[in-house]
Amino acid sequence: MNPQFADQMTLAATSDNAVSIVAMVVVIAVGIAYAVLFVGALVSIARSGLTGAMKLAWAAFAVVAPFLGSVIWFLIGRRDARRRPGTVY
């Protein structure tokens, strides 16, 4: 085998390992951010001043559609909970 070709194969294998490690780190970071968003939404729903039925509805929506439910809670639900009369801030 040509020594130059062997060096190129070793370099390619090393760069493939580096790419897979970076991809794995990115996937783990996204997974952690997703979990923090979901748990944060559930905690925020539980601590809101909404009635029990509304909390249950929001929590069910967050559990059924974790990403979408959490994002919609933070974009719409929290703001709506603050505007409702008789809610605790």
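**The α2–α3 contact**

On the α2 side, W58, F61, A62, V63 and V64 meet P66, L68, G69, I72, W73 and G77 of α3. Contact here means heavy atoms within 4.5 Å. By class, the residues of this α2–α3 contact comprise nine nonpolar, two polar and no charged. Ala, Val, Leu, Ile, Met, Phe, Trp, Tyr, Cys and Pro count as nonpolar, Asp, Glu, Lys and Arg as charged, and the others, Gly among them, as polar.

This is a predicted model: local features need pLDDT of at least 70 and side-chain atom pairs count only at pLDDT 80 or more, while totals for chains, interfaces and linings use all residues. Residues are numbered from 1 along each chain as its sequence is written, and side-chain values use heavy atoms, with hydrogens and water left out.

Now the geometry. Helix α2 covers residues 52–64 and helix α3 residues 66–83; their axes come within 5 Å and cross at roughly 140 degrees. That makes α2 oblique to α3. Axes are lines fitted to C-alpha atoms, for helices over the stretch in contact, and angles run from 0 to 180 degrees between N-to-C directions. Under 35 degrees is roughly parallel, over 145 roughly antiparallel, 65 to 115 roughly perpendicular, and the rest oblique.

At 15% relative accessibility, W58 counts as buried. The cut-offs are under 20% relative accessible area for buried, over 50% for exposed and partly exposed in between, with a 1.4 Å probe and protein chains only. Beyond its neighbours within four places in sequence, W58 contacts I45, L50, G69, I72, W73 and G77.

W58 also belongs to the largest nonpolar core, seven residues in all: A41, I45, L50, W58, A62, W73 and A81. Helices α1, α2 and α3 are the elements that give two or more residues to this core. A nonpolar core is a set of buried Ala, Val, Leu, Ile, Met, Phe, Trp, Tyr and Cys residues joined through side-chain atoms within 4.5 Å.

S48 sits in the loop between α1 (3–47) and α2. S48 is buried, at 11% relative accessible area. Apart from neighbours within four places in sequence, S48 contacts K55, W73 and A81.

Next, the rings. The whole structure holds three aromatic pairs. Y34 and F67 have ring centres 6.4 Å apart and planes at 25 degrees, so they are stacked. Y34 is in helix α1 and F67 in helix α3, so this pair ties together parts 33 residues apart in sequence. W58 and F61 make an edge-to-face pair, 6.3 Å centre to centre with 65 degrees between the planes. Rings of Phe, Tyr and Trp (its six-membered ring) pair if their centres lie within 6.5 Å; planes under 30 degrees apart are stacked, over 60 edge-to-face and the rest tilted. Both W58 and F61 lie in helix α2, three residues apart, about one turn of the helix. F61 is partly exposed, at 32% relative accessibility. Ring pairs join W58, F61 and W73 into a cluster.

Finally, the setting. The protein chain has three helices and zero strands. Helices (H or I, at least four residues) and strands (E, at least two) are DSSP runs, numbered from the N terminus. Of the chain's 89 residues, 15% count as buried.
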